[in-house]
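Morning, everyone. I'll take the two ligand sites in turn.

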Amino acid sequence: MPKGIYNVPTATNEPIFSYAPGTPERAELQATLKQMRSEVIDVPMYIGNEEVRTDNLFAMTPPHDHKHVLGHYHQGGKEHVQMAIDAALAAKPAWENLAWEHRASIFLKAAELISGPYRMKLNAATMLGQSKNAFQAEIDSACEIADFLRFNVQYMTEIYKQQPMSSKGVWNRVEQRPLEGFIFALTPFNFTAIAGNLPTAPAMMGNTVVWKPSKTAVYSAQVLMEIFKKAGVPDGVINLVYVSGPAAADVIFNSPDFAGIHFTGSTGVFQDIWKTIGNNIHKYKSYPRIVGETGGKDYIFMHPTADAKEVATGITRGAFEYQGQKCSAASRAYIPASKWDEVLKFVQEDLAKIKTGGTEDFTNFHNAVIDETTFDKLASAIDDAKASPDAEIVAGGEYDKSVGYFIKPTVIQAKKADYITMEEELFGPIITIFVYEDDKVDETLDILDQTSIYALTGAIFAGCRYAIEKLVKRLTHTAGNFYINDKPTGAVVGQQPFGGGRGSGTNDKAGSMINLLRWVSPRTIKESFVPPVDYMYPNFKED
Ligand SMILES: NC(=O)c1ccc[n+]([C@@H]2O[C@H](COP(=O)([O-])OP(=O)(O)OC[C@H]3O[C@@H](n4cnc5c(N)ncnc54)[C@H](O)[C@@H]3O)[C@@H](O)[C@H]2O)c1
Ligand SMILES: N[C@@H](CCC=O)C(=O)O
C-alpha cells in the first residue's frame, strides 16, 4: 500500500520532431524504415504469459505497396478469445490490488519508451502498416500516445484525490474500484494512439483487458504490445488477440464477466454491439460500461466574412491529411457563392502541388488508403459523382490500385445540399462542397444541422465577431469538437479533449478524466470514530 500521498510528474505534451532534411531524426527514421522493410516478421497473439501461434497466417502489407510482405500474424478463433478472457480474469486480483503508484510507473515508463528508444520503431510500423507519412505518424504514434499515457496518469491521481467532506467524528472516503470482470478494447485502424489508449486507459484504473485491434493495424499493435511488456505490464493484464470482429463479439458479449467495452470505430458496428449487449443484459454480473467514439461527417462552414486563403488551407489540411482517414477529417463544406471561385482556386493550387505515393519518400504529402475494400468504395463514390447530374468533380477524381491503394485528393461540388456524399461518411480523401447564396446563411445552417446523423467535429471560418458568436450558438449540438477559424482535425490530448455526440459516440472524451471515470465503480466508506451507544433521539427523552 502507498506510504505517502504522491504527486505524479506534471504531464506536458510530447514535442513533435520535424524530420526536416538534415535532421538526425530523419536519418534515424529512414534507416528504421529500411530495416523493417527488409524483414519478414512473425507476429503471435499475446495471451497471459504465452505467445500464441496458429496455423492460420495472414500477410501484413503496406497499403501503398500491397505486394510487399512485412510479416505474418497468427489469426485466432473463438477459443483464443475465451483464453484471453480467462487470462484477464486470472490476472485481475494481483493487478487491482497493486498500489496505484506502480500502475502509474508502468504507464509513465511506457510513455518514456515511446518518446525515446521505441519512437522510430513505432513510427515506422505505423508508416509501413497504415500508410501514414512521417509527420502524420509522429503526431499519432509518438506524440499522441505518449500524451494519452502521461495525461491519463495525472487524471487518475486527480480522480483519486476527489474526496467527500466529513462531519465531526466521522471520516468519509471514496475509493475508485476497478470494474468487476474484464474490459474489451476494440480498436480501429487509423490511429496507433487510439489503439494504444483503448486498452491502457481501463488497465491504468486497475482493470484487465482483452484487446482486439483492426486487422489492418496489427503491425503497430504488435510494437505497442512489445512496449507495454517492456514497461512492465504484467502478463494477462492486456491480452492481444487477432480474430474476426464477429468471432470476438460472440464470445465476449456472452460472457457473464463482461464489464465494459472501450470502442472506437464505425457507427454501424457500435450500434450493433450496443444492441447485442442490450439483448444479453440479463447474462452479465453487472451493467457493462459502453464507451464508443464513432463516425463523423465533419464540416467546414465558411461565413461570407471569412478569408478565402485561410478556408482553402483548412480544406486542404482538414480533408486530405492522412488521406482523409481521420474521424475528424472535413468531408463536407459550405462555401458562400461570393467566395467560391477564390476558395476553389486556392484549393486547386494546393492539390496541384501535393505528391501522392509511398511513405518511405518523405516528399509525399499524400499516401494510400488503408485497404482494397476502402479503395473500391471510394472509387465507386467518385464514379457515381462523375455520372450524377447533382455533382461535379472539381479537383482530383483519379485512382489507381495497381501498386498501392491510391485515391487522389478529390473535391466534389454538390448541386444539392443533400447529395449522398454530403450526408454519408466515406472515410477517405474526398470532400464534398455545397455553395450557398450569401443571403442564405440561416437556411444553410439549418441544412448543416439536419443533414447528417453525426456530430463529431466542425469548423467555422468568419471574420466578423457577431457572426462568430451567432455560429457558435446556432451550431451547439453539431460537433463535440468545434473549431473557430481552424481546421477540424488535430485535437491534442490535454488541450482539446476529443469526442462527439449524436451518432458519433458517447462523447466520453478520450484522454480525459471523464473517460477514466467510466472504468471505475466508486465505493463510499463512512467511518464513525465514537459510535453512539444509545438509539434514542434526545427529544424523545423525558424531562
Ligand atoms: N470518434 C472517434 O474518436 C474516432 C476515431 C477514430 C476512428 N473513428 C471511426 O472509425 C472508423 C474507421 O475505423 P475502422 O475502419 O477500423 O472501423 P470499424 O468499425 O470497421 O472497425 C473497428 C473495430 O471493430 C472491429 N469490427 C468490425 N466489425 C465488427 C463486428 N461486426 N463485430 C465486432 N467487431 C467488429 C474491427 O475489426 C476493428 O477492430 C470511422 O468510422 C471513423 O470515423 C472514430
Ligand atoms: N486527435 C485526432 C483524432 C482523429 C480520429 O481519428 C484528431 O483530432 O484529428
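Here is how each ligand sits against the protein.

First, the ground rules. This is a predicted model, where local features need pLDDT of at least 70, side-chain atom pairs count only at pLDDT 80 or more, and totals for chains, interfaces and linings use all residues. Residues are numbered from 1 along each chain as its sequence is written, chains are lettered from A and ligands numbered from 1 in the order in which they are written, and side-chain values use heavy atoms, with hydrogens and water left out.

Ligand 1. The space it takes is the largest pocket. A pocket here is an open set of points on a 1 Å grid over the protein atoms alone, where a 1.4 Å probe fits, with protein on both sides within 12 Å along at least five of seven lines. A molecule sits in one if more than half of its atoms lie within 2 Å of its grid points.

Which residues come nearest? Of the 25 around ligand 1, they are Thr 187, Lys 212, Ser 266, Thr 294 and Glu 425. Being around a ligand takes a heavy atom within 4 Å of it. By class, the shell has twelve nonpolar, ten polar and three charged residues; Gly counts as polar. Domain 1 (43–294 + 505–526) and domain 2 (299–484) each give at least three residues to this shell. Those bounds come from an automatic or database domain assignment.

Now polar contacts, meaning N or O pairs within 3.5 Å. A polar side-chain atom of Lys 212 is 2.9 Å from a ligand 1 oxygen. Backbone polar atoms contribute too: Phe 189 at 3.1 Å, Gly 265 at 3.3 Å, each from an oxygen of ligand 1. Alone, ligand 1 exposes 840 Å², and the protein buries 83% of that. Areas are Shrake-Rupley, with a 1.4 Å probe.

Ligand 2. Where does it lie? Both domain 1 (43–294 + 505–526) and domain 2 (299–484) give residues to its shell, so ligand 2 lies between them. The shell includes Glu 144, Lys 326 and Phe 498. It divides into four nonpolar, four polar and two charged residues.

Oxygens of ligand 2 are 3.0 Å from a polar side-chain atom of Asn 190, 2.9 Å from a polar backbone atom of Cys 327, and 2.8 Å from one of Ala 491. The protein covers 97% of the 280 Å² that ligand 2 has on its own.

Key: A polar contact is a pair of N or O atoms within 3.5 Å; within protein, one must be able to donate a hydrogen and the other to accept it, and residues adjacent in sequence count only if both atoms are side-chain atoms. On a 1 Å grid over the protein atoms alone, a cavity is a set of points where a 1.4 Å probe fits but cannot get out, and a pocket is an open set with protein on both sides within 12 Å along at least five of seven lines; lining residues have an atom within 4 Å of a point.
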